[in-house]
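Me: Please guide me through some features of the structure below, one question at a time.

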Amino acid sequence: MIFYGCAAVACIMIVNYSSAIMFNSCPTRSPAIKHPLTLRDRIGVIADSHGNIASMTDCIQRLTQHCADTIVHLGDFFDSEIHHNLKNIVDIITSNNILAIKGNNDYQIEKLLDNGHSMDLGPSDRQRLRQFLRSLALNFTSGSFCFAHSRPFDSIRAFYEPVDTGSTEQAAIIFRHTNHHVLFCGHSHLPMLFRWRSGIVTREPIQERNPVVFHQNERYIVIVGSSDKGECGFIDREKMVYERIRL
């Protein structure tokens with residue numbers, strides 16, 4: 001894992017076409033992660049299913065075939081405009097022991113419930129749904145890996161702001177303010193890799209059937225892509241590789 005020392009001045013160069021931004025390396029700060037977890041080596045990741053039960057269950061099935069020990073949903077399992085099947089989605093998440101992170105659409109559903117929206121649910125189901133949403137973390141860490149819906153900070157703004165804006169600027173800010181070896185996130189629906197190497201940040205498409213190898217002297221942000229569009233991913237932490245899975 002790369003840590004920025006405060007004894008010397010270093011920089012991050014953002015590479016996106018011809019643009020570059022320089023940062024002083026000190027001081028750094030880590031986000032307020034409240035839920036460190038110990039996960040096993042084979043981890044499936046899903047993001048942004050947006051109420052699409054068929055795509056979410058297809059991803060679960062594919063990741064189970066990969067012998068994933070744990071499946072993490074990186075948020076937006078709900079869609080704020082689609083209010084049917086909410087109970088069924090929670091049932092799928094809980095029955096499959098999926099670790100879920102709160103996304104911005106999930107937060108909007110939570111606020112609608114708090115404001116008295118019935119969601120066409122009975123009182124007990126509404127209460128269960130509210131308790132489920134309130135229990136979710138905005139992010140969590142497992143070893144040197146971090147999992148978040150978008151930016152890995154404990155604020156509402158963090159899961160609304162995309163990492164991938166077509167440039168490397170937001171990724172460079174995350175590298176600057178955290179020390180995770182790899183961040184896995186969603187929100188931006190196109191699978192994409194941001195790589196920090198020797199002070200330079202690059203933006204690279206993630207190719208299917210071409211696993212990403214995580215090197216010790218580099219840092220990474222992996223955007224998984226949208227389950228709603230047939231995307232999920234598989235992490236083998238023992239081999240330190242990530243595989244894009246296209247349904």
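Me: Which residues does Gln170 touch, not counting residues up to four places away in sequence?
Reply: This is a predicted model, in which local features need pLDDT of at least 70 and side-chain atom pairs count only at pLDDT 80 or more, while totals for chains, interfaces and linings use all residues. Residues are numbered from 1 along each chain as its sequence is written, and side-chain values use heavy atoms, with hydrogens and water left out. Contact means heavy atoms within 4.5 Å. With residues up to four places away in sequence set aside, Gln170 touches Arg151, Pro162, Val163 and Thr165.

Me: Is Gln170 buried or exposed?
Reply: Gln170 belongs to helix 6, residues 169-177; helices (H or I, at least four residues) and strands (E, at least two) are DSSP runs, numbered from the N terminus. Buried means under 20% relative accessible area, exposed over 50%, and partly exposed in between, with a 1.4 Å probe and protein chains only. The relative accessible area of Gln170 is 18%, so Gln170 is buried.

Me: Which residue in the turn between strand 12 and strand 13 has a positive phi?
Reply: Strand 12 (residues 231-236) and strand 13 run antiparallel and are joined by six bridges, with Gly233 opposite Arg244. The two strands form a hairpin with four residues between them, and the residue in the turn with a positive phi, of about 55 degrees, is Met240.

Me: What is the bridge partner of Gly44 in strand 3?
Reply: Strand 2 (residues 42-46) and strand 3 (residues 70-73) pair in the parallel sense over four bridges. In strand 3, the partner of Gly44 is Ile71.

Methods. Two strands pair if DSSP finds at least two bridges between them.
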